[in-house]
Amino acid sequence: MTYDRLVCANCAAPVSEGRCPVCRAHRQRQESFFTGVNPMALVALLAVLIAAVALLAHQTV
Ligand SMILES: [Zn+2]
């Protein structure tokens, strides 16, 4: 991962060391990207799909 080399703007240490809250928040975001985003994206996709179907049905009728 590229964030291993990323230097924090807040504490000027590598983000991977997690020295300050900014580093830790960044790491948390990186780690939860795959586990946290997928269910959310799925729900969003479903909502868009339902809206598209409802819109299509409304237009044809
Ligand atoms: Zn930092």
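The structure is a predicted model, in which local features need pLDDT of at least 70 and side-chain atom pairs count only at pLDDT 80 or more, while totals for chains, interfaces and linings use all residues. Residues are numbered from 1 along each chain as its sequence is written, and side-chain values use heavy atoms, with hydrogens and water left out.

The secondary structure is quickly told: the protein has 1 helix and 0 strands. Helices (H or I, at least four residues) and strands (E, at least two) are DSSP runs, numbered from the N terminus. The helix, α1, covers 21-60. Of the 61 residues in the protein, 13% are buried; here buried stands for under 20% relative accessible area, exposed for over 50%, and partly exposed for anything in between (1.4 Å probe, protein chains only).

Next comes the metal site. The zinc ion has the SG atoms of Cys8, Cys11, Cys20 and Cys23 as its protein donors, at 2.2 to 2.3 Å. Donors are N, O and S atoms within 2.8 Å of the metal (3.2 Å for Na, K and Ca); water is not among the atoms, so sites may look incomplete. Along the chain, the donors of the zinc ion are spaced as C-x2-C-x8-C-x2-C. The arrangement is tetrahedral because the 4 donor atoms around the zinc ion subtend angles of 102 to 115 degrees, and four donors count as tetrahedral if all angles lie between 85 and 135 degrees. For four tetrahedral donors, the ideal angle at a metal is 109.5 degrees. A search of the whole structure for disulfides (pairs of cysteine sulfur atoms within 2.5 Å) finds 0.

Cys8 is buried at 6% relative accessibility, and Cys20 is buried at 7%, whereas Cys11 is partly exposed at 28%. Cys8 belongs to the segment before α1. Leaving aside residues up to four places away in sequence, Cys8 touches Ala13, Val15, Cys20, Val22 and Cys23. Between Cys8 and Val22, which are 14 residues apart in sequence, the C-alpha to C-alpha distance is 7.6 Å.

Ala12 also lies in the segment before α1, and its phi is positive, near 60 degrees, in a residue other than glycine. Most residues other than glycine have a negative phi. Ala12 is exposed, with 59% relative accessible area. Its C-alpha atom is separated by 9.8 Å from that of Cys23, 11 residues apart along the chain.

Finally, charge pairing: the count comes to 1 salt bridge, defined as a side-chain nitrogen of Lys or Arg within 4 Å of a carboxyl oxygen of Asp or Glu. Arg19 and Glu17 form a salt bridge through their side chains, at 2.7 Å from N to O. Arg19 is exposed at 57% relative accessible area, while Glu17 is partly exposed at 41%.

Technical notes: Four donors count as tetrahedral if all angles lie between 85 and 135 degrees; four count as square planar and six as octahedral if opposite donors are over 155 degrees apart and all others between 65 and 115; anything else is irregular. Contact means heavy atoms within 4.5 Å.
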